[in-house]
Amino acid sequence: MSPMETGLTGIGALFVLMVLRTPVAFAMLITGYFGMLVLEGSRAAGAVMLTESYSTVSNYNLIVVPMFILLGNIASAAGFSRGLYDAAFAWVGRFRGGLASSSVLGCAIFSAVSGSSVATAITIGKVALPEMKRLGYQDALSTGSIAAGGTLGFLIPPSTGFVLYAILTEQSIGRLFMAGILPGLLLMAAFIGTIALIATINPAAGPRGARVPLGQKFRVLVQSAPLIGIIAISIGGIYAGVFTPVEASAIGAGLVLLLAFAMRQLSWNGFCSAILETVRTSAMLYMVVIGANVLNPFLAVTHIPETLGNAMVGLGLGPYGTLAIIILAYVVLGMFLDGLSMLVVTIPIIYPVILQMGFDPIWFGVVAVVVIEMGMITPPVGLNVFVVKGVAQDVPMTTVFKGVMPFLLAMIVSLLLIIIFPQIATLLPDLMFS
C-alpha cells in the first residue's frame with residue numbers, strides 16, 4: 001500500500017478501536033506505532049514510541065495539568081463549591097429562574113478552579129439540583145442549566161482543553177488561557193439570558209427564590225472570598241505577567257490546600273481521595289498526550305494533513321467555507337466522541353488546514369473548544385448529560401436532553417459572535433503579550 005492508503009487504513013482502525021471501547025490514548029498509541037512499523041520499520045517505530053513518551057512526561061508545561069486538577073479536587077473535597085453556590089444564589093436567587101442562574105454562576109466560578117467540565121457539572125449539580133427540586137423547578141430547566149453550565153469548565157481557564165491544544169500545536173498556554181476568558185463570560189451571560197427567557201415565558205419552570213437580606217448577601221460573599229481570591233491570584237497573576245501558567249497552577253494548588261487545612265474543612269480521608277483522583281486524571285491526560293504524539297509522526301509520514309489542506313483549498317470555498325465544514329465535522333464527531341478524544345484525534349489533521357487558511361491559531365483554539373463543548377450536551381453521547389443524569393437519577397434522559405436544547409442554541413449564537421468578532425477571543429492575549 002502507498003503511504004496515503006496506509007494512513008487512511010490507520011485512521012479507520014483508530015475509529016474502530018474507539019468504537020470497540022479501547023481507551024482513546026491506547027487507540028492512538030496502537031495506530032501510531034503500527035503505522036510507523038509498516039511505513040518506516042521497527043527501529044523508527046520504537047524510536048518514536050520512546051522519544052515521544054519521554055518528551056511528554058518531561059514536558060515542563062504539562063505540570064499545569066496535575067496542579068490545576070489538584071486545586072479543583074481539594075476545593076471540591078473541602079466543600080468550597082457550596083460556598084460559591086450560596087454566594088451566587090444570595091445575589092440572583094430571588095429572580096425568576098434565579099436558582100438555575102446561580103448554578104451557572106457557580107459553574108463559571110468553579111470552572112476557574114477545576115478546568116474540567118465533568119468535575120464542574122458533578123460538583124455544582126450535587127449542590128444545586130436538590131435545591132431546585134425542593135423549590136419546584138421543572139426538571140428540564142434544572143438539569144439543562146447544570147449540564148450546560150458544566151461545559152464552561154472546558155473553556156474558562158485553567159482549561160485542560162486549552163492545555164492539550166497548546167501542547168499539540170506548540171502554542172502559548174498563557175495566551176490560550178487569556179483567550180478563553182471573554183468567550184467564557186459571553187457563554188455564561190448567554191446561558192443566564194436563556195434561563196431568564198425560559199422563566200419569563202413559563203414562570204412555573206423556574207420560580208423565584210426567597211429574598212435574601214443585604215447583610216446576609218455580603219456575609220456569604222465574604223465566606224466565599226478566600227477561594228475567589230485564590231482564583232484571582234492564579235489567573236490574575238498570569239494576566240499581569242507575574243506568574244507563568246505553571247507557576248500560577250502550583251501557587252493556586254498550594255494556597256487552596258493551605259486554606260482548606262487552615263479552615264479545618266479538609267479531612268485526612270478527603271485529602272487522600274483528592275490526591276488519588278488527581279493522580280488518576282493526570283495519568284489519563286498524560287497518556288492521551290503520549291498517544292497523540294505517537295500518532296502525529298505517522299500522520300506526517302502519510303501526508304494526510306497536507307493532502308487534506310490542499311483538497312480543501314482546491315474546493316474554492318474560501319477560509320470561512322472551509323471553517324464551516326470543519327465545524328460541521330466537529331458537530332458530527334461530537335455525537336459519538338467525548339471532548340478530549342475529539343481534540344487529540346482531530347487537531348493534528350485539522351491544524352495545518354487552519355494555518356493554510358490564514359486563521360489565528362489562538363482564535364481557532366477557542367472556536368474548537370466551544371464546538372467541542374457543544375458536543376458535550378448533544379445526543380447521543382452528550383457526556384455532561386450523562387453526568388447530570390447520574391446525579392439526578394429520577395429524571396429521564398430524554399428530559400435532560402430536552403432541557404439542554406435551549407442552551408445549545410445559546411452556544412451556537414455565541415459561537416457565531418466569536419467567528420464574526422474574533423476580537424472576543426484575541427483581545428486579552430493581544431493586550432497581554434503585545
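## Ground rules

Helices here are DSSP runs of H or I with at least four residues, numbered from the N terminus. This is a predicted model, in which local features need pLDDT of at least 70 and side-chain atom pairs count only at pLDDT 80 or more, while totals for chains, interfaces and linings use all residues. Residues are numbered from 1 along each chain as its sequence is written, and side-chain values use heavy atoms, with hydrogens and water left out.

## The cavity

A cavity is a set of points, on a 1 Å grid over the protein atoms alone, where a 1.4 Å probe fits but cannot get out. The structure has one cavity of 30 Å³ or more. The largest cavity holds about 40 Å³ of space, where volume means the space filled by probe spheres set on the grid points, joined across faces, edges and corners.

Lining residues are those with an atom within 4 Å of a point. For the largest cavity they are V64, V65, F68, I69, P158, S159, T160, V163 and F177. Helices α4 (64-77) and α9 (160-169) each put at least two residues into that lining, and α4 gives the largest share, with four. Sorted by class, the lining has seven nonpolar residues, two polar and no charged ones. In this scheme Ala, Val, Leu, Ile, Met, Phe, Trp, Tyr, Cys and Pro are nonpolar, Asp, Glu, Lys and Arg are charged, and the others, Gly among them, are polar.

## α7 against α8

Now for the helix pairs. Axes are lines fitted to C-alpha atoms over the stretch in contact, and angles run from 0 to 180 degrees between N-to-C directions. Helix α7 (residues 117-134) packs on helix α8 (residues 139-150) at about 155 degrees, with the axes 8 Å apart. The two are therefore roughly antiparallel, a label for angles over 145 degrees.

Contact means heavy atoms within 4.5 Å. On the α7 side the contact includes I124, L129 and M132, and on the α8 side it includes D139, I146 and G150. Its residues split into six nonpolar, eight polar and two charged.

## α3 against α13

Helix α3 (residues 42-57) meets helix α13 (residues 268-302) at an angle of about 140 degrees, and their axes lie 9 Å apart. That pair is therefore oblique, the class left once under 35 (roughly parallel), 65 to 115 (roughly perpendicular) and over 145 degrees are taken out.

V48, M49, E52, S53, T56 and V57 of α3 touch Y286, V289, I290, N293, V294 and P297 of α13. Eight of these residues are nonpolar, three polar and one charged.

## α10 against α17

Helix α10 (residues 173-201) and helix α17 (residues 361-375) pack at about 45 degrees, again with axes 9 Å apart. This makes α10 oblique to α17.

From α10, the residues R175, L176, A179, P183 and L187 meet I362, G365, V366 and E373 of α17. This contact has six nonpolar, one polar and two charged residues.

Note on methods: On a 1 Å grid over the protein atoms alone, a cavity is a set of points where a 1.4 Å probe fits but cannot get out, and a pocket is an open set with protein on both sides within 12 Å along at least five of seven lines; lining residues have an atom within 4 Å of a point.
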